[in-house]
Amino acid sequence: MNRRQFVQAAACAAGAPLLAAASPATSKEQEWLAIAESLKPRLLPTPVTPDGIVQMAADPAQFLHWRADRVSPPEALSQRLLRRGDSAIVDFGRHLTGHLSFSIAGEGRGIDAPARLKLTFGEVPAEVAQPFDPYHGGLGRAWLQDEVINLDVLPAAIEMPRRYAFRYLKLEVVDTSPNYAVRIGSMKATALSSAAGDPPPLPEAVPALLRQIDKVSIATLRDCMQTVFEDGPKRDRRLWIGDLRLQALTNYATFRANDLVKRCLYLFAAFPREDGLLPACVFEDPQPHRGHEYIIDYAALYAAAVLDYAKATGDWNTAADLWPVVRKQMDLLSAYVGSDGIFAAPARSWVFIDWSDALDRAAAMQGTYVYSLRQAVELARHCGAPGEAAKYQQSIAHMTTAARGAFYDSSRQVFVSGPKRQVSWASQAWMALSGIATAEEAAKALRIATAQTDAVRPGAPYLYHYVAEAMLGCGMKLEAKQLVETYWGGMVKAGADTFWEVYDPSNAGLSPYGSVLVNSYCHAWSCTPAYL
Ligand code: RAM
(Lines give C-alpha, C1' and ligand atoms only; values in the text may rest on other atoms or scores of the structure.)
Protein backbone atom coordinates (compact mmCIF):
# COMPACT_ATOMS: atom_id res chain seq x y z
CA MET A 1 0.00 0.00 0.00
CA ASN A 2 1.39 3.43 -0.84
CA ARG A 3 0.82 6.63 1.10
CA ARG A 4 -2.31 7.69 -0.82
CA GLN A 5 -3.99 4.30 -0.38
CA PHE A 6 -2.84 4.23 3.20
CA VAL A 7 -4.35 7.62 3.99
CA GLN A 8 -7.64 6.46 2.48
CA ALA A 9 -7.62 3.30 4.57
CA ALA A 10 -6.76 5.27 7.69
CA ALA A 11 -9.66 7.62 7.02
CA CYS A 12 -11.98 4.59 6.98
CA ALA A 13 -10.72 3.63 10.41
CA ALA A 14 -11.37 7.10 11.75
CA GLY A 15 -13.51 5.74 14.56
CA ALA A 16 -10.34 4.61 16.35
CA PRO A 17 -9.30 6.33 19.62
CA LEU A 18 -7.52 9.57 18.85
CA LEU A 19 -4.53 9.36 21.14
CA ALA A 20 -2.39 6.31 21.61
CA ALA A 21 -1.53 5.56 25.23
CA ALA A 22 0.79 8.33 26.41
CA SER A 23 2.54 6.42 29.14
CA PRO A 24 4.52 3.24 28.63
CA ALA A 25 2.66 0.04 29.40
CA THR A 26 5.23 -2.03 31.29
CA SER A 27 7.81 -1.25 33.94
CA LYS A 28 10.55 -2.09 31.43
CA GLU A 29 9.11 0.41 28.99
CA GLN A 30 8.92 3.00 31.77
CA GLU A 31 12.57 2.36 32.51
CA TRP A 32 13.39 2.83 28.83
CA LEU A 33 11.45 6.07 28.71
CA ALA A 34 13.36 7.28 31.78
CA ILE A 35 16.66 6.52 30.01
CA ALA A 36 15.45 8.38 26.92
CA GLU A 37 14.37 11.38 28.97
CA SER A 38 17.65 11.47 30.90
CA LEU A 39 19.42 11.93 27.56
CA LYS A 40 17.26 14.82 26.36
CA PRO A 41 19.76 17.37 25.07
CA ARG A 42 19.90 21.10 25.65
CA LEU A 43 19.27 23.21 22.58
CA LEU A 44 22.10 25.56 21.74
CA PRO A 45 21.08 29.03 20.54
CA THR A 46 22.91 30.84 17.73
CA PRO A 47 21.91 34.42 16.90
CA VAL A 48 21.36 35.04 13.21
CA THR A 49 20.86 38.55 11.85
CA PRO A 50 19.33 39.43 8.49
CA ASP A 51 21.68 39.20 5.56
CA GLY A 52 19.75 41.38 3.15
CA ILE A 53 16.44 42.44 1.72
CA VAL A 54 15.36 40.48 -1.32
CA GLN A 55 12.65 40.38 -3.92
CA MET A 56 11.30 37.17 -5.39
CA ALA A 57 11.21 36.99 -9.17
CA ALA A 58 9.31 34.39 -11.17
CA ASP A 59 11.93 32.50 -13.14
CA PRO A 60 11.05 29.42 -15.19
CA ALA A 61 14.76 28.59 -15.41
CA GLN A 62 14.84 27.89 -11.65
CA PHE A 63 13.85 24.40 -10.55
CA LEU A 64 11.32 25.72 -8.03
CA HIS A 65 10.34 28.56 -10.41
CA TRP A 66 11.38 31.46 -8.15
CA ARG A 67 14.61 33.38 -7.69
CA ALA A 68 15.65 35.62 -4.79
CA ASP A 69 17.18 38.91 -5.98
CA ARG A 70 18.97 41.00 -3.41
CA VAL A 71 17.64 44.55 -3.48
CA SER A 72 19.22 46.19 -0.44
CA PRO A 73 21.38 45.63 2.62
CA PRO A 74 19.69 44.51 5.85
CA GLU A 75 19.71 48.04 7.37
CA ALA A 76 17.29 49.14 4.66
CA LEU A 77 14.47 47.53 6.62
CA SER A 78 14.65 49.87 9.60
CA GLN A 79 15.32 52.87 7.35
CA ARG A 80 11.91 52.48 5.79
CA LEU A 81 8.49 53.53 7.07
CA LEU A 82 5.92 50.89 6.22
CA ARG A 83 2.30 51.78 5.55
CA ARG A 84 -0.80 49.72 4.88
CA GLY A 85 -0.08 47.41 1.95
CA ASP A 86 3.73 47.71 2.16
CA SER A 87 5.88 44.60 2.44
CA ALA A 88 9.49 43.46 2.62
CA ILE A 89 11.23 40.11 2.35
CA VAL A 90 14.16 39.52 4.68
CA ASP A 91 16.81 36.96 3.79
CA PHE A 92 18.68 35.52 6.78
CA GLY A 93 21.37 34.13 4.48
CA ARG A 94 21.04 30.57 5.76
CA HIS A 95 18.41 28.04 6.68
CA LEU A 96 17.63 27.88 10.38
CA THR A 97 15.30 26.22 12.83
CA GLY A 98 14.36 28.62 15.57
CA HIS A 99 12.68 31.78 16.71
CA LEU A 100 12.20 35.34 15.52
CA SER A 101 12.15 38.62 17.39
CA PHE A 102 11.95 42.25 16.31
CA SER A 103 10.83 45.68 17.50
CA ILE A 104 8.11 47.80 16.00
CA ALA A 105 7.27 51.47 16.52
CA GLY A 106 4.60 53.74 15.09
CA GLU A 107 5.37 57.18 13.57
CA GLY A 108 2.91 59.81 12.41
CA ARG A 109 0.16 62.18 13.60
CA GLY A 110 -1.18 59.67 16.07
CA ILE A 111 -1.13 55.97 16.72
CA ASP A 112 -4.86 55.59 16.80
CA ALA A 113 -5.48 52.00 15.72
CA PRO A 114 -3.85 48.61 16.18
CA ALA A 115 -1.21 47.58 13.66
CA ARG A 116 -1.85 44.34 11.86
CA LEU A 117 1.09 42.44 10.40
CA LYS A 118 1.30 39.27 8.40
CA LEU A 119 4.48 37.22 8.63
CA THR A 120 5.26 34.38 6.24
CA PHE A 121 8.29 32.16 6.80
CA GLY A 122 9.80 30.19 3.95
CA GLU A 123 12.54 27.63 3.63
CA VAL A 124 12.69 28.34 -0.12
CA PRO A 125 11.77 31.44 -2.19
CA ALA A 126 8.60 29.81 -3.57
CA GLU A 127 7.01 29.74 -0.11
CA VAL A 128 7.13 33.50 0.36
CA ALA A 129 6.53 34.35 -3.29
CA GLN A 130 3.20 32.59 -3.76
CA PRO A 131 -0.03 32.83 -1.79
CA PHE A 132 -0.70 29.75 0.36
CA ASP A 133 -4.44 29.92 -0.27
CA PRO A 134 -6.50 28.34 -1.66
CA TYR A 135 -4.63 25.36 -0.24
CA HIS A 136 -5.29 21.95 -1.74
CA GLY A 137 -2.68 19.85 0.10
CA GLY A 138 -3.57 16.65 1.88
CA LEU A 139 -1.78 17.62 5.10
CA GLY A 140 -2.92 20.25 7.60
CA ARG A 141 -2.83 23.85 6.34
CA ALA A 142 -1.33 24.95 9.66
CA TRP A 143 2.03 23.45 8.64
CA LEU A 144 2.41 26.39 6.27
CA GLN A 145 4.27 28.98 8.27
CA ASP A 146 2.25 32.18 8.29
CA GLU A 147 0.85 34.30 11.11
CA VAL A 148 -1.23 37.42 11.44
CA ILE A 149 -0.57 39.50 14.53
CA ASN A 150 -2.49 42.50 15.85
CA LEU A 151 -0.59 44.97 17.98
CA ASP A 152 -2.75 47.15 20.18
CA VAL A 153 0.11 49.07 21.76
CA LEU A 154 3.15 50.52 19.99
CA PRO A 155 6.09 50.57 20.34
CA ALA A 156 6.43 46.88 21.08
CA ALA A 157 9.09 44.21 21.29
CA ILE A 158 7.84 41.09 19.55
CA GLU A 159 8.98 37.56 20.18
CA MET A 160 7.15 35.15 17.96
CA PRO A 161 6.10 32.22 20.14
CA ARG A 162 6.30 29.44 17.54
CA ARG A 163 9.43 27.79 16.26
CA TYR A 164 9.87 28.08 12.51
CA ALA A 165 12.13 26.55 9.86
CA PHE A 166 13.14 29.29 7.47
CA ARG A 167 15.61 31.34 5.56
CA TYR A 168 13.18 33.96 4.24
CA LEU A 169 10.64 36.07 6.08
CA LYS A 170 7.99 38.09 4.31
CA LEU A 171 6.60 40.95 6.36
CA GLU A 172 3.37 42.54 5.22
CA VAL A 173 1.72 45.51 6.84
CA VAL A 174 -1.92 44.55 6.54
CA ASP A 175 -3.09 47.72 8.29
CA THR A 176 -2.14 50.65 10.47
CA SER A 177 -4.36 53.73 10.16
CA PRO A 178 -4.23 56.71 7.80
CA ASN A 179 -2.45 58.55 10.62
CA TYR A 180 0.67 56.49 11.12
CA ALA A 181 3.23 54.10 9.62
CA VAL A 182 5.46 51.54 11.31
CA ARG A 183 9.18 51.09 11.53
CA ILE A 184 10.65 47.64 12.14
CA GLY A 185 13.98 47.27 13.91
CA SER A 186 16.30 44.91 15.82
CA MET A 187 15.27 41.95 13.75
CA LYS A 188 16.97 38.80 14.95
CA ALA A 189 16.54 35.09 14.59
CA THR A 190 17.77 32.56 17.12
CA ALA A 191 18.74 29.30 15.50
CA LEU A 192 18.33 26.22 17.68
CA SER A 193 20.04 22.87 17.40
CA SER A 194 21.32 20.26 19.79
CA ALA A 195 24.32 19.78 17.48
CA ALA A 196 27.47 21.26 18.92
CA GLY A 197 29.67 23.09 16.40
CA ASP A 198 29.79 22.13 12.73
CA PRO A 199 32.45 19.58 11.80
CA PRO A 200 35.30 20.99 9.69
CA PRO A 201 34.67 21.43 5.95
CA LEU A 202 36.15 18.93 3.50
CA PRO A 203 39.69 19.76 2.37
CA GLU A 204 40.20 22.22 -0.49
CA ALA A 205 41.48 19.40 -2.66
CA VAL A 206 37.97 17.92 -2.84
CA PRO A 207 36.02 19.23 -5.88
CA ALA A 208 33.89 22.29 -5.09
CA LEU A 209 30.55 20.60 -5.82
CA LEU A 210 31.27 17.73 -3.41
CA ARG A 211 32.41 20.17 -0.74
CA GLN A 212 29.19 22.09 -1.18
CA ILE A 213 27.09 18.91 -1.05
CA ASP A 214 28.84 17.94 2.19
CA LYS A 215 28.20 21.38 3.68
CA VAL A 216 24.52 21.29 2.77
CA SER A 217 24.20 17.75 4.18
CA ILE A 218 25.64 18.90 7.48
CA ALA A 219 23.39 21.96 7.60
CA THR A 220 20.39 19.70 6.94
CA LEU A 221 21.31 17.36 9.77
CA ARG A 222 22.12 20.24 12.14
CA ASP A 223 18.75 21.92 11.63
CA CYS A 224 16.91 18.62 12.15
CA MET A 225 18.83 17.88 15.36
CA GLN A 226 16.56 19.14 18.07
CA THR A 227 15.59 17.21 21.20
CA VAL A 228 15.19 14.24 18.87
CA PHE A 229 16.35 13.68 15.31
CA GLU A 230 13.35 15.34 13.69
CA ASP A 231 12.37 14.39 10.14
CA GLY A 232 11.79 17.98 9.13
CA PRO A 233 11.82 21.07 11.33
CA LYS A 234 9.03 22.64 9.27
CA ARG A 235 6.99 19.44 8.99
CA ASP A 236 6.38 16.79 10.56
CA ARG A 237 8.72 17.80 13.40
CA ARG A 238 8.87 14.27 14.80
CA LEU A 239 10.98 11.17 15.08
CA TRP A 240 10.55 8.46 12.43
CA ILE A 241 12.51 5.18 12.39
CA GLY A 242 13.47 5.43 8.72
CA ASP A 243 14.76 8.97 9.03
CA LEU A 244 16.49 8.29 12.35
CA ARG A 245 18.51 5.46 10.87
CA LEU A 246 19.93 7.65 8.11
CA GLN A 247 20.48 10.65 10.39
CA ALA A 248 22.30 8.47 12.89
CA LEU A 249 24.64 7.13 10.22
CA THR A 250 25.45 10.65 9.09
CA ASN A 251 25.80 11.79 12.69
CA TYR A 252 28.49 9.17 13.42
CA ALA A 253 30.52 10.69 10.57
CA THR A 254 29.88 14.32 11.58
CA PHE A 255 28.49 15.64 14.89
CA ARG A 256 28.86 12.41 16.88
CA ALA A 257 25.90 13.24 19.12
CA ASN A 258 25.65 9.59 20.01
CA ASP A 259 23.53 10.09 23.11
CA LEU A 260 20.87 11.67 20.93
CA VAL A 261 20.74 8.47 18.87
CA LYS A 262 20.52 6.45 22.07
CA ARG A 263 17.67 8.65 23.32
CA CYS A 264 15.76 8.10 20.08
CA LEU A 265 16.27 4.33 20.09
CA TYR A 266 14.92 4.19 23.66
CA LEU A 267 11.97 6.42 22.80
CA PHE A 268 10.82 3.86 20.24
CA ALA A 269 11.45 0.99 22.65
CA ALA A 270 9.23 2.68 25.24
CA PHE A 271 6.17 2.90 23.00
CA PRO A 272 5.45 -0.31 21.10
CA ARG A 273 1.93 -1.19 20.06
CA GLU A 274 0.16 -3.68 22.37
CA ASP A 275 1.51 -6.61 20.33
CA GLY A 276 5.06 -5.25 20.41
CA LEU A 277 5.27 -3.73 16.92
CA LEU A 278 7.12 -0.43 16.95
CA PRO A 279 5.29 2.63 15.71
CA ALA A 280 6.71 4.36 12.64
CA CYS A 281 7.04 7.59 14.59
CA VAL A 282 7.08 8.99 18.12
CA PHE A 283 5.91 12.41 19.31
CA GLU A 284 7.57 14.26 22.17
CA ASP A 285 4.79 16.62 23.20
CA PRO A 286 2.86 17.24 25.36
CA GLN A 287 4.58 14.14 26.69
CA PRO A 288 6.30 11.39 24.72
CA HIS A 289 3.84 9.06 23.04
CA ARG A 290 3.69 6.83 20.03
CA GLY A 291 2.33 7.87 16.68
CA HIS A 292 -0.63 6.07 15.17
CA GLU A 293 1.10 4.92 12.00
CA TYR A 294 2.96 1.65 11.50
CA ILE A 295 5.37 1.08 8.63
CA ILE A 296 6.47 -2.50 8.13
CA ASP A 297 9.86 -1.72 6.59
CA TYR A 298 10.60 0.87 9.28
CA ALA A 299 9.88 -1.66 12.06
CA ALA A 300 12.29 -4.09 10.36
CA LEU A 301 15.01 -1.44 10.04
CA TYR A 302 15.00 -0.72 13.78
CA ALA A 303 17.42 -3.67 13.96
CA ALA A 304 19.80 -1.84 11.63
CA ALA A 305 19.57 1.35 13.68
CA VAL A 306 20.48 -0.53 16.88
CA LEU A 307 23.36 -2.41 15.25
CA ASP A 308 24.75 0.74 13.59
CA TYR A 309 24.66 2.46 16.98
CA ALA A 310 26.51 -0.35 18.76
CA LYS A 311 29.15 -0.52 16.06
CA ALA A 312 29.66 3.23 15.93
CA THR A 313 29.88 3.68 19.69
CA GLY A 314 31.02 0.33 21.07
CA ASP A 315 28.06 0.56 23.46
CA TRP A 316 26.95 -3.06 23.23
CA ASN A 317 25.21 -2.82 26.61
CA THR A 318 22.58 -0.62 25.04
CA ALA A 319 22.27 -3.04 22.13
CA ALA A 320 21.77 -5.89 24.61
CA ASP A 321 19.16 -3.87 26.50
CA LEU A 322 17.26 -3.20 23.28
CA TRP A 323 17.75 -6.68 21.86
CA PRO A 324 14.29 -7.92 23.01
CA VAL A 325 12.72 -5.08 21.03
CA VAL A 326 14.64 -6.06 17.91
CA ARG A 327 13.78 -9.72 18.42
CA LYS A 328 10.11 -8.82 18.77
CA GLN A 329 10.10 -6.97 15.43
CA MET A 330 11.72 -9.93 13.70
CA ASP A 331 9.26 -12.37 15.27
CA LEU A 332 6.20 -10.30 14.44
CA LEU A 333 7.30 -9.72 10.87
CA SER A 334 8.25 -13.37 10.33
CA ALA A 335 4.51 -14.11 10.45
CA TYR A 336 4.22 -12.42 7.05
CA VAL A 337 6.68 -14.79 5.41
CA GLY A 338 4.72 -17.53 3.67
CA SER A 339 5.78 -21.19 3.46
CA ASP A 340 7.02 -20.23 -0.02
CA GLY A 341 9.61 -17.94 1.60
CA ILE A 342 8.05 -14.75 0.22
CA PHE A 343 7.24 -11.80 2.45
CA ALA A 344 3.63 -10.78 1.92
CA ALA A 345 2.62 -7.70 3.87
CA PRO A 346 -0.98 -7.88 5.04
CA ALA A 347 -3.59 -5.87 3.14
CA ARG A 348 -4.02 -2.34 4.48
CA SER A 349 -0.57 -2.28 6.01
CA TRP A 350 1.90 0.42 5.04
CA VAL A 351 5.09 -0.64 3.28
CA PHE A 352 6.93 2.59 2.59
CA ILE A 353 10.23 2.01 0.69
CA ASP A 354 9.80 5.32 -1.18
CA TRP A 355 7.32 8.02 -2.13
CA SER A 356 6.19 6.55 -5.40
CA ASP A 357 2.70 5.59 -6.46
CA ALA A 358 3.94 3.47 -9.34
CA LEU A 359 6.33 1.33 -7.31
CA ASP A 360 5.61 -2.37 -6.79
CA ARG A 361 7.10 -2.93 -3.35
CA ALA A 362 7.15 -6.74 -3.08
CA ALA A 363 10.79 -7.32 -4.05
CA ALA A 364 12.06 -4.30 -2.10
CA MET A 365 10.19 -5.39 1.03
CA GLN A 366 11.56 -8.92 0.73
CA GLY A 367 15.02 -7.37 0.48
CA THR A 368 14.47 -5.04 3.42
CA TYR A 369 13.37 -7.87 5.66
CA VAL A 370 16.28 -10.12 4.70
CA TYR A 371 18.67 -7.18 5.16
CA SER A 372 17.19 -6.54 8.62
CA LEU A 373 17.46 -10.23 9.53
CA ARG A 374 21.17 -10.00 8.76
CA GLN A 375 21.50 -7.11 11.20
CA ALA A 376 19.50 -9.12 13.74
CA VAL A 377 21.86 -12.11 13.32
CA GLU A 378 24.80 -9.95 14.26
CA LEU A 379 22.96 -8.49 17.22
CA ALA A 380 21.81 -11.91 18.37
CA ARG A 381 25.39 -13.19 18.35
CA HIS A 382 26.58 -10.24 20.42
CA CYS A 383 23.64 -10.45 22.79
CA GLY A 384 24.02 -14.08 23.71
CA ALA A 385 21.18 -15.43 21.61
CA PRO A 386 22.80 -18.04 19.32
CA GLY A 387 19.48 -19.87 18.91
CA GLU A 388 17.90 -16.75 17.43
CA ALA A 389 20.91 -16.16 15.20
CA ALA A 390 20.61 -19.68 13.78
CA LYS A 391 16.86 -19.30 13.27
CA TYR A 392 17.35 -16.02 11.37
CA GLN A 393 20.10 -17.60 9.26
CA GLN A 394 17.67 -20.29 8.18
CA SER A 395 15.06 -17.70 7.22
CA ILE A 396 17.65 -15.75 5.29
CA ALA A 397 18.63 -18.85 3.33
CA HIS A 398 15.02 -19.82 2.65
CA MET A 399 13.96 -16.30 1.66
CA THR A 400 17.03 -15.85 -0.54
CA THR A 401 16.28 -18.96 -2.57
CA ALA A 402 12.63 -17.97 -2.78
CA ALA A 403 13.46 -14.41 -3.86
CA ARG A 404 15.84 -15.55 -6.55
CA GLY A 405 13.08 -17.74 -7.97
CA ALA A 406 10.34 -15.13 -7.66
CA PHE A 407 12.14 -11.92 -8.53
CA TYR A 408 15.22 -12.62 -10.64
CA ASP A 409 14.78 -12.46 -14.39
CA SER A 410 17.97 -14.18 -15.50
CA SER A 411 17.41 -13.46 -19.18
CA ARG A 412 17.23 -9.70 -18.53
CA GLN A 413 19.64 -9.87 -15.58
CA VAL A 414 17.45 -7.65 -13.41
CA PHE A 415 15.12 -8.18 -10.49
CA VAL A 416 11.43 -7.71 -11.24
CA SER A 417 8.50 -7.21 -8.90
CA GLY A 418 4.78 -7.83 -9.05
CA PRO A 419 2.48 -9.35 -11.64
CA LYS A 420 3.66 -6.90 -14.29
CA ARG A 421 7.28 -7.84 -13.60
CA GLN A 422 8.13 -4.24 -12.90
CA VAL A 423 11.75 -3.11 -13.00
CA SER A 424 12.58 -0.43 -10.43
CA TRP A 425 15.63 1.07 -8.80
CA ALA A 426 14.11 0.13 -5.44
CA SER A 427 14.01 -3.60 -6.22
CA GLN A 428 17.61 -3.67 -7.43
CA ALA A 429 18.83 -1.68 -4.42
CA TRP A 430 17.20 -3.90 -1.83
CA MET A 431 18.10 -7.14 -3.61
CA ALA A 432 21.69 -5.90 -3.53
CA LEU A 433 21.72 -4.66 0.07
CA SER A 434 20.11 -7.85 1.34
CA GLY A 435 22.70 -10.07 -0.29
CA ILE A 436 19.95 -11.90 -2.19
CA ALA A 437 21.84 -10.85 -5.30
CA THR A 438 25.55 -11.61 -5.47
CA ALA A 439 27.72 -8.51 -5.79
CA GLU A 440 28.26 -9.25 -9.46
CA GLU A 441 24.55 -9.74 -10.18
CA ALA A 442 23.69 -6.66 -8.15
CA ALA A 443 26.11 -4.46 -10.07
CA LYS A 444 24.81 -5.76 -13.38
CA ALA A 445 21.17 -5.32 -12.31
CA LEU A 446 21.74 -1.82 -10.98
CA ARG A 447 23.51 -0.80 -14.18
CA ILE A 448 20.74 -2.20 -16.36
CA ALA A 449 17.87 -0.76 -14.31
CA THR A 450 19.37 2.71 -13.94
CA ALA A 451 19.92 2.86 -17.71
CA GLN A 452 16.43 1.63 -18.53
CA THR A 453 14.20 4.61 -19.30
CA ASP A 454 10.96 3.00 -18.17
CA ALA A 455 12.34 1.59 -14.91
CA VAL A 456 10.57 3.07 -11.86
CA ARG A 457 12.96 5.66 -10.43
CA PRO A 458 13.06 6.87 -6.82
CA GLY A 459 10.85 9.78 -5.81
CA ALA A 460 12.71 10.90 -2.72
CA PRO A 461 16.22 11.07 -1.25
CA TYR A 462 15.44 8.25 1.19
CA LEU A 463 15.53 5.67 -1.62
CA TYR A 464 18.33 7.45 -3.48
CA HIS A 465 20.39 6.90 -0.35
CA TYR A 466 19.81 3.15 -0.42
CA VAL A 467 20.55 3.04 -4.15
CA ALA A 468 23.88 4.80 -3.55
CA GLU A 469 24.66 2.50 -0.62
CA ALA A 470 23.81 -0.55 -2.74
CA MET A 471 26.17 0.71 -5.44
CA LEU A 472 28.96 1.14 -2.90
CA GLY A 473 28.33 -2.38 -1.62
CA CYS A 474 28.86 -3.97 -5.02
CA GLY A 475 31.90 -2.11 -6.18
CA MET A 476 30.18 0.71 -8.11
CA LYS A 477 32.08 3.48 -6.37
CA LEU A 478 32.23 5.70 -9.40
CA GLU A 479 28.52 5.36 -10.15
CA ALA A 480 27.66 6.05 -6.49
CA LYS A 481 29.75 9.21 -6.60
CA GLN A 482 28.10 10.26 -9.83
CA LEU A 483 24.69 9.68 -8.28
CA VAL A 484 25.57 11.92 -5.34
CA GLU A 485 26.88 14.56 -7.73
CA THR A 486 23.89 14.52 -10.05
CA TYR A 487 21.09 13.97 -7.53
CA TRP A 488 22.15 15.89 -4.41
CA GLY A 489 24.29 18.14 -6.61
CA GLY A 490 21.13 18.83 -8.61
CA MET A 491 19.49 20.21 -5.47
CA VAL A 492 22.55 22.33 -4.74
CA LYS A 493 22.41 23.72 -8.26
CA ALA A 494 18.70 24.40 -7.75
CA GLY A 495 19.65 26.62 -4.80
CA ALA A 496 19.23 24.23 -1.85
CA ASP A 497 21.03 25.29 1.30
CA THR A 498 19.49 22.33 3.08
CA PHE A 499 18.38 19.16 1.27
CA TRP A 500 14.74 18.49 0.49
CA GLU A 501 12.20 15.85 1.41
CA VAL A 502 11.31 15.11 -2.20
CA TYR A 503 13.24 15.91 -5.32
CA ASP A 504 12.55 14.43 -8.71
CA PRO A 505 14.72 16.22 -11.27
CA SER A 506 12.11 15.53 -13.94
CA ASN A 507 9.11 16.71 -11.96
CA ALA A 508 9.34 19.97 -10.02
CA GLY A 509 5.70 19.66 -8.98
CA LEU A 510 6.16 16.36 -7.13
CA SER A 511 4.54 16.30 -3.72
CA PRO A 512 3.30 13.25 -1.83
CA TYR A 513 0.76 15.60 -0.27
CA GLY A 514 -0.83 17.33 -3.25
CA SER A 515 0.98 20.66 -2.79
CA VAL A 516 4.67 21.46 -3.09
CA LEU A 517 4.13 24.26 -0.58
CA VAL A 518 3.77 21.71 2.21
CA ASN A 519 6.86 19.72 1.20
CA SER A 520 9.71 20.02 3.65
CA TYR A 521 12.90 21.64 2.35
CA CYS A 522 15.20 20.64 5.18
CA HIS A 523 14.61 16.97 5.54
CA ALA A 524 16.33 14.35 7.63
CA TRP A 525 16.57 11.54 5.14
CA SER A 526 18.34 13.64 2.57
CA CYS A 527 21.36 14.42 4.77
CA THR A 528 23.36 11.31 3.96
CA PRO A 529 25.92 12.48 1.37
CA ALA A 530 28.13 13.50 4.30
CA TYR A 531 28.05 9.84 5.32
CA LEU A 532 28.20 8.34 1.84
C1 RAM B 1 6.66 11.61 5.97
C2 RAM B 1 7.96 12.21 6.35
C3 RAM B 1 8.95 11.28 7.04
C4 RAM B 1 8.81 9.87 6.58
C5 RAM B 1 7.42 9.38 6.54
C6 RAM B 1 7.27 8.00 5.97
O7 RAM B 1 5.64 12.01 6.78
O8 RAM B 1 8.48 12.71 5.18
O9 RAM B 1 10.23 11.74 6.82
O10 RAM B 1 9.62 9.04 7.33
O11 RAM B 1 6.64 10.23 5.75
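Student: In this predicted model, what makes the crossing of α4 and α14 left-handed?
Tutor: A crossing is left-handed if the near helix is turned anticlockwise from the far one by less than a right angle. α4 passes α14 in this way, and the crossing is therefore given that name.

Student: Why are α4 and α14 called roughly perpendicular to each other?
Tutor: Helix α4, residues 208-224, and helix α14, residues 477-493, pack at an angle of about 70°. Angles of 65 to 115 degrees count as roughly perpendicular, and α4 and α14 are therefore described so. Their axes lie 10 Å apart.

Student: Which residues of α4 and α14 meet?
Tutor: From α4 there are L209, L210, Q212, I213 and V216. These meet K481, V484, E485, W488, G489, V492 and K493 of α14. By class, the contact comprises 7 nonpolar, 2 polar and 3 charged residues; G489 is in the list, and Gly counts as polar.

Student: Why are α6 and α8 called roughly parallel to each other?
Tutor: Helix α6, residues 258-270, packs against helix α8, residues 316-334, at an angle of about 25°. Angles under 35 degrees count as roughly parallel, and the term therefore applies to α6 and α8. The axes of these two helices are 10 Å apart, and α6 passes α8 in a left-handed crossing. K262, L265, Y266 and A269 of α6 make the contact with T318, D321, L322 and V325 of α8. This contact has 5 nonpolar, 1 polar and 2 charged residues.

Student: How do you know that α9 is largely enclosed by the rest of the structure?
Tutor: A residue is buried when its relative accessible area is under 20%. In α9, 16 of the 21 residues are buried, so the helix is largely enclosed.

Student: What span does α9 reach, and what span is expected?
Tutor: Helix α9, residues 362-382, reaches 31 Å from its first C-alpha to its last. That is close to the 30 Å expected at 1.5 Å a residue. The helix is followed by G384, whose phi is positive, near 70°.

Student: Does L96 count as buried or exposed?
Tutor: L96, in strand β4 (residues 87-108), has 0% relative accessibility and therefore counts as buried, the limit being under 20%.

Student: What is L96 in contact with, beyond its neighbours within four places in sequence?
Tutor: The contacts of L96 are V48, Y164, A165, F166, A189, T190, A191 and D223. Separately, L96 and E123 are 27 residues apart in sequence and 8.5 Å apart in space, C-alpha to C-alpha.

Definitions and conventions. Residues numbered from 1 in each chain as written. Predicted model: local features only at pLDDT ≥ 70, side-chain atom pairs only at ≥ 80, totals over all residues. Heavy atoms only, no water. Axes fitted to C-alpha atoms, helices over the stretch in contact; angles between N-to-C directions. Helix = DSSP H or I, 4+ residues; strand = E, 2+ residues; numbered from the N terminus. Parallel < 35°, antiparallel > 145°, perpendicular 65-115°, else oblique. Contact = heavy atoms within 4.5 Å. Expected span 1.5 Å × (residues − 1). Buried < 20%, exposed > 50% of the residue type's maximum accessible area, 1.4 Å probe, protein only.
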